[in-house]
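Dear colleague,

Please find the structure below. A short account of the findings follows it.

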Amino acid sequence: MKNIIAASLIVSAGIAAAGTNGVQITEVYAGISGSDGTEDWFEITYFGPGTFDTGSLFYDDESADPTVNAPLTSFILSSGESAVFLQGGDDNAIADFLAIWGNVANVGIADGGGGLSQNGDSVFLFDGHLAGATVIDTVVIDGSHATRG
């Protein structure tokens, strides 16, 4: 991705720390004050063998509530590949993202699940929807940095 001033929070963690199913949240953008051009977003990267379908994942913010989590757009990722999910939005939001960040493959939508703020919010990835869903990775946003939850 392009570097943009106050751009995004890189989550530092190695392959060994990949979440369940080899999926890991690798970058989070919780916006900035004023007009910042894009919806909030997060990036996930697949580190496992073979391929992985992101359509099996769901997102929620700090509530970590599997009964209100949001489905992710389906992309088939090979090991080392990433996908970016805009929190809400539509095809116009994807076009805005690409205009600002450049030609990024696999840009989709997390349709619901709450927006991201810069202080005390989180990105929770679930392997299912509703009761019994398992959290497979978490990143907590705290001001200017993000940490694995």
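Why does N106 count as partly exposed? The reason is its relative accessibility of 22%, since buried means under 20% relative accessible area, exposed over 50%, and partly exposed in between (1.4 Å probe, protein chains only).

The model is predicted, so local features need pLDDT of at least 70 and side-chain atom pairs count only at pLDDT 80 or more, while totals for chains, interfaces and linings use all residues. Residues are numbered from 1 along each chain as its sequence is written, and side-chain values use heavy atoms, with hydrogens and water left out.

Two backbone angles deserve attention. Most residues other than glycine have a negative phi. N106, however, has a positive phi, near 60°, and is placed in the loop between α1 (91–101) and β9 (107–110). Helices (H or I, at least four residues) and strands (E, at least two) are DSSP runs, numbered from the N terminus. A64 also has a positive phi, near 50°. A64 is found in the loop between β5 (58–60) and β6 (70–71), and counts as partly exposed because its relative accessibility is 25%.

T45 belongs to strand β3 (residues 41–46). With 6% relative accessibility, T45 counts as buried. The side chain of T45 makes a polar contact of 2.6 Å with that of S82 and one of 2.9 Å with that of T26. A polar contact is a pair of N or O atoms within 3.5 Å; within protein, one must be able to donate a hydrogen and the other to accept it, and residues adjacent in sequence count only if both atoms are side-chain atoms.
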